[in-house]
Amino acid sequence: MSRILTVVAAQLGPIQKAEGRDVAVARMVRLMERAHARGAQLVVFPELALTTFFPRHFHEANETAPLFAAAKRLNVGFHLGYAERTPEGRHFNTAILVNPAGQIMLKYRKIHLPGHAEFDPKRAVQHLEKRYFEVGDLGFPVIRAPMGGLDGVNMGMMICNDRRWPEAWRVLGLQSVELVMVGYNTPSLHLSVQAGAYQNATFAVAVAKAGTEDGNELFGHSIIVNPQGEILAQATSWDDEVIVADCDLDVCRLGRTTIFAFDKHRRPEAYARITDQIGAVEPPEWQG
Ligand code: CDT
């Protein structure tokens, strides 16, 4: 039996400083319509999709109302990355998964924040994520929920730099994730997405903000990857673009019941350093 979910990566071209969030949201609604025309049941948008990377403003709920309305009209779910300000004034780099009825089914707050907290005069390009955001406090959650025509899909999220950390993938894998959504703004590669999907027997959809934004080059190449780590679809532009793949989620079972049958083969007793230690230590010197 197959369980097909038609997934679209909705890549965004650059969003310039002067562009209002209403312009970004209108572009996203248009992408959702294009995705729907390609059969999409779930549309995945990038990290911090409403603003430039880096954000100068934070999300207010009513500005995304047209996206929620489009999702309802087109009967598609969506994933959205945005800069969250909580009612208490805390800031997170956040992603939500929304069903076609407009219900938020899952929220994730970015855990691995790259860069630095203070202005660094030696750097040509500042990367101040640690200044703007707190470390996410929701762990790496996975939810099983209806999506498309399927009764239950195991869905999880990570955000950009998280994808470089195998620990993040494994925490999702240990919750039997079948589809990982990764929004990103990055200058470089996604071998880590292919490796993470393969080693955890999951589909992954990694979605870029692409092109030149605020004078900085952002890598496009949004991809949809299968549990063998193979790329099913890849964006070719530096602009707004949709790519689509029919993901048969039952394919996840192959890896999960053979080479990556975690219950049979993992050896957590040998992995203590992963959680006991943060930085690397030097090995003992050979005394021969
Ligand atoms: N958005 C994000 O996390 N980007 C980082 C850029 C690192 S370069 C300082 C990344 O790891 O892709």
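**Pockets and a helix pair**

Me: What classes make up the lining of the largest pocket?
Reply: The model is predicted. The lining of the largest pocket has ten nonpolar, six polar and ten charged residues.

Me: What is the volume of the largest pocket, and which residues are closest to its centre?
Reply: The volume is about 550 Å³. The lining counts 26 residues, and Phe53, Val125, Gln126, His127 and Asn216 are the closest to the centre.

Me: What makes E11 stand out in the lining of the largest pocket?
Reply: Strand E11 (216–218) and helix H3 (129–132) are the elements that give two or more residues. E11 gives the most, with three residues.

Me: Which residues are closest to the centre of the second largest pocket?
Reply: This pocket has a volume of about 460 Å³. Of its 21 lining residues, Pro166, Glu167, Ala168, Arg170 and Ile274 are the closest to the centre.

Me: Why is H1 called roughly parallel to H2?
Reply: Take the angle. The axes of H1 (residues 21–37) and H2 (residues 65–74) cross at roughly 15 degrees. Angles under 35 degrees count as roughly parallel, so H1 is roughly parallel to H2.

Me: What else describes the pair?
Reply: Two packed helices are described by the angle between their axes and the distance between the axes. For H1 and H2, the axes come within 9 Å. The crossing of H1 with H2 is right-handed.

Me: Which residues of H1 and H2 meet?
Reply: H1 brings Val25, Met28, Val29, Met32, Glu33 and His36. H2 brings Pro66, Leu67, Ala70, Ala71, Arg73 and Leu74. Contact means heavy atoms within 4.5 Å.

Me: How many residues of that contact are nonpolar, polar or charged?
Reply: Nine are nonpolar, one is polar and two are charged.

Definitions and conventions: Residues numbered from 1 in each chain as written. Predicted model: local features only at pLDDT ≥ 70, side-chain atom pairs only at ≥ 80, totals over all residues. Heavy atoms only, no water. 1 Å grid on protein atoms, 1.4 Å probe; cavity = no way out; pocket = protein on both sides within 12 Å on 5 of 7 lines; lining within 4 Å. Points joined across faces, edges and corners; volume = space filled by probe spheres on them. Helix = DSSP H or I, 4+ residues; strand = E, 2+ residues; numbered from the N terminus. Nonpolar A, V, L, I, M, F, W, Y, C, P; charged D, E, K, R; others polar. Axes fitted to C-alpha atoms, helices over the stretch in contact; angles between N-to-C directions. Parallel < 35°, antiparallel > 145°, perpendicular 65-115°, else oblique. Left-handed = near helix turned anticlockwise from the far one by under 90°.
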